[in-house]
Every structure is written in C-alpha cells, then in structure tokens.
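Open the model in your viewer and show the side chains.

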Amino acid sequence: MARPATLAGLAPPAAHPLLADDPRYTAAEFPPNKLLYLAQMADALGVDSRNWFAGLALSRTQIADPALRVSYRQASLFARRALQALDVPDAGLRIGREGTIGGFGLLGLAMMTSRTLGEAMLAGVAHHKICGCLLELNLEPLSEREVALVAWPRFGDTELLPFFCEELFASCFMIARELVGPELRPVRVEFGYPRPSYARAYEELFQCEVRFGTPQCRLLIGTPWLARPLPGHNPLTAKQALALCAQQMTPDGGEPHQEIVAAVERLLRSRLRQQPRLLDVARTLNLSERSLRRKLAESGRIFREIHDRVRAERALELLRAGQLSVAEIGSEIGFSDPREFRRAFKRWTGMPPQNARHAGD
C-alpha cells in the first residue's frame with residue numbers, strides 16, 4: 001500500500017456528521033506544531049503549501065507563532081491536505097524521529113526537570129495538548145513489569161491516526177532516550193491500523209517488536225524505567241514549569257476560544273492602532289461581513305465585545321508596564337483623543353486608567 005490511510009478529499013471525515021455541533025471540534029486549543037512541521041517538510045521538498053491554508057483563517061507566518069492556538073478542525077484539515085500533496089507515506093515517522101525535549105517548550109522543561117522518567121511521562125500525558133498532540137492519551141499500568149502509553153483518535157478520526165500516532169510515538173521514544181539514555185528500548189509498540197508498506201522503518205526506529213492491526217495504539221515500556229532518576233531534576237523549576245503548562249492549557253483561565261474568535265482576536269491585536277472595522281477583519285479572513293457576523297454569533301460573541309476586550313487587555317498591559325503615558329497608551333490602541341480613551345477604559349474596567357496603573361502595587 002502506498003499510504004498509511006486513504007486521504008482522498010480535503011473535507012472533514014464524512015463519517016462524523018455531528019462534528020459541526022461539537023464545540024470541542026472548533027475550540028482553538030492546540031499549538032500549531034504539526035502544521036509547521038508539515039509546512040517545513042513541504043519547503044524542503046519544494047512543494048507549494050499555500051492552498052493548504054484556504055478557508056482556515058491562518059497563514060504561513062502565523063503557524064510559526066508559538067502563541068497561536070488552532071482547533072482540531074483546522075489542524076486535521078490542514079494535515080489531510082498536506083499528506084495528500086506531499087505523498088510521503090512515512091511523514092509521521094520522519095517528523096517524530098527529529099523530536100527533541102527542547103521542541104516541547106515549557107512541557108519539555110517540566111519533563112526534563114522531573115525527578116524520574118515516570119514523573120516526566122505523567123507530566124507529558126497531563127499536558128499533551130500544549131505541545132500540539134492531536135490524539136487522546138493515557139498512561140496505563142498493565143502489570144508489575146509493564147506500563148503502556150495509550151493513544152486513540154479524537155472524534156473517532158481514524159483516517160489521520162497513522163500519521164498522528166507515528167509522529168507521537170516516535171517523538172516520545174526519542175525524547176525518553178534523550179532523558180535516560182540510548183539504552184532505552186520499548187517492550188513492544190502496537191498500532192491499531194493495518195501494516196503499511198514501510199513497516200520496516202518502524203522496526204528500525206523503535207528497535208523492538210512492532211505489531212499492527214491491534215485493538216489499541218500502545219507503546220509499552222518496562223516499569224523499572226519509570227524509577228530511573230533524571231540528571232536534570234530540579235524540583236523548583238519543575239513546579240514552576242508545570243504551573244505555566246497548566247496556564248497554557250486554558251490561557252484565559254477558562255474554556256478555549258472558538259477558532260473564529262481566536263482568529264479575530266489575533267488580527268485585532270496586530271492592528272489596534274488602526275481601529276479595524278468588522279468589514280476590514282472579514283476581508284482579511286477571506287470572509288464576507290455577513291459570514292463573519294454569523295460565525296461570531298454562533299460562538300456567542302459579537303465583534304464590538306471582542307474588540308473592547310482586546311483593547312482593554314492591551315491597555316492594562318501597557319499601563320502595568322509603566323513606560324507610556326495614558327495619552328500614548330490610548331493612541332496605541334486606536335484612540336486619538338485621550339479623553340475618549342479614559343471614558344472607554346472606565347466603561348471596560350470600572351476604573352480610570354491611572355487607578356489601574358497602580359492597582360497591582
């Protein structure tokens with residue numbers, strides 16, 4: 001077989017018609033790691049990736065921003081387009097075997113400074129979303145001798161399971177060896193899809209028994225490895241890094257934003273001085289004004305409320321920084337008249353700008 005799974009068509013899987021009604025499907029909660037890796041592969045192979053972004057309210061520049069969050073809908077549709085255009089059957093293995101602990105950002109720091117490999121694995125599973133993992137994960141004890149990292153698809157999306165699982169297990173294996181040494185070997189690796197034509201590459205990478213067509217996707221390791229101490233252990237750093245990871249799971253302290261809301265907020269933040277109108281934002285996102293208004297309404301939001309919140313957040317940041325005058329801050333977020341800014345800020349926050357500047361003192 002030429003591919004690990006069929007990738008015909010660019011639309012979301014027809015087998016899941018209720019996805020559009022599931023708010024988790026369009027919640028912007030994943031870093032764009034997978035999108036960036038695929039775009040970089042396209043660059044290396046001389047493949048034009050511009051069409052992969054159509055209709056996603058994303059750009060090539062944006063997916064290199066670590067602060068960006070995308071939805072499963074955006075990421076999965078992008079991956080389908082990429083895998084179809086690249087025609088690289090083992091793309092997941094290629095990307096995963098380049099994985100390093102540094103590529104996991106804050107989560108990598110939390111894992112590296114954990115006390116043992118077992119604690120590092122638990123941290124990785126608990127916060128897997130913030131490194132762009134698009135599968136569900138769990139760490140399950142199988143016996144006194146073995147534990148398994150178990151992965152399964154979100155929304156029953158088995159079409160992309162081979163790519164996502166290859167990349168996940170390969171990167172986890174490489175990172176675990178980086179933490180405890182190259183002598184680490186899994187007991188066995190199991191994949192819940194048919195044996196691909198390049199199965200030999202799995203065996204060469206994992207250096208253990210590899211099974212396909214199993215009931216679950218699992219990476220099994222011996223329990224003695226869990227107690228292996230890590231040389232970079234630092235309890236204070238680990239605690240701080242885990243706290244920051246928890247914040248990244250829900251950056252605003254609540255539920256992840258819908259993808260269209262996140263796209264509008266990103267654009268507004270970059271253009272606050274220009275006071276962009278709804279029409280301007282819609283055009284930039286390749287939508288009609290009516291379509292954008294409808295999409296925001298479906299997410300329970302209106303443009304003016306989003307605009308005011310973004311301006312208020314930016315004003316508070318600048319006030320706390322203490323480098324600019326109130327008039328200069330007003331100008332930074334689009335107000336030519338300082339008095340208008342003061343009135344607006346008090347309406348947004350219930351206090352004048354000067355009070356907010358010293359509120360944290």
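Two rings of Phe, Tyr or Trp count as a pair if their centres lie within 6.5 Å. This is a predicted model, and it holds 16 aromatic pairs.

**Stop one: two helices.** Select Phe173 and Phe206. Their ring centres are 5.7 Å apart, with 45° between the planes, and the pair is tilted. Phe173 sits in helix H6 (residues 161-180) and Phe206 in helix H7 (residues 199-206). The pair links distant parts of the chain, 33 residues apart. Both Phe173 and Phe206 are buried.

Now select Phe191 and Phe212. Is this pair stacked or edge-to-face? The planes meet at 20°, and under 30 degrees counts as stacked, so Phe191 and Phe212 are stacked, with centres 5.6 Å apart. Colour strand S4 (residues 188-191), which holds Phe191, and strand S5 (residues 209-212), which holds Phe212. The pair therefore ties together parts 21 residues apart in sequence. Phe191 is buried at 0% relative accessible area. Phe212, at 17%, is buried as well.

**Stop four: the cysteines.** How many disulfides does the whole structure have? The search finds 0. Select Cys208: the nearest cysteine sulfur, that of Cys165, is 13 Å away. Cys208 is buried, at 16% relative accessibility. Then select Cys217. Its nearest cysteine sulfur is also that of Cys165, 3.8 Å away. A disulfide needs the sulfur atoms within 2.5 Å, so Cys217 is in no disulfide. Cys217 is buried, at 3% relative accessibility.

Definitions and conventions:
Residues are numbered from 1 along each chain as its sequence is written. This is a predicted model: local features need pLDDT of at least 70, side-chain atom pairs count only at pLDDT 80 or more; totals for chains, interfaces and linings use all residues. Side-chain values use heavy atoms; hydrogens and water are left out. Rings of Phe, Tyr and Trp (its six-membered ring) pair if their centres lie within 6.5 Å; planes under 30 degrees apart count as stacked, over 60 as edge-to-face and the rest as tilted. Helices (H or I, at least four residues) and strands (E, at least two) are DSSP runs, numbered from the N terminus. Buried means under 20% relative accessible area, exposed over 50%, partly exposed in between (1.4 Å probe, protein chains only).
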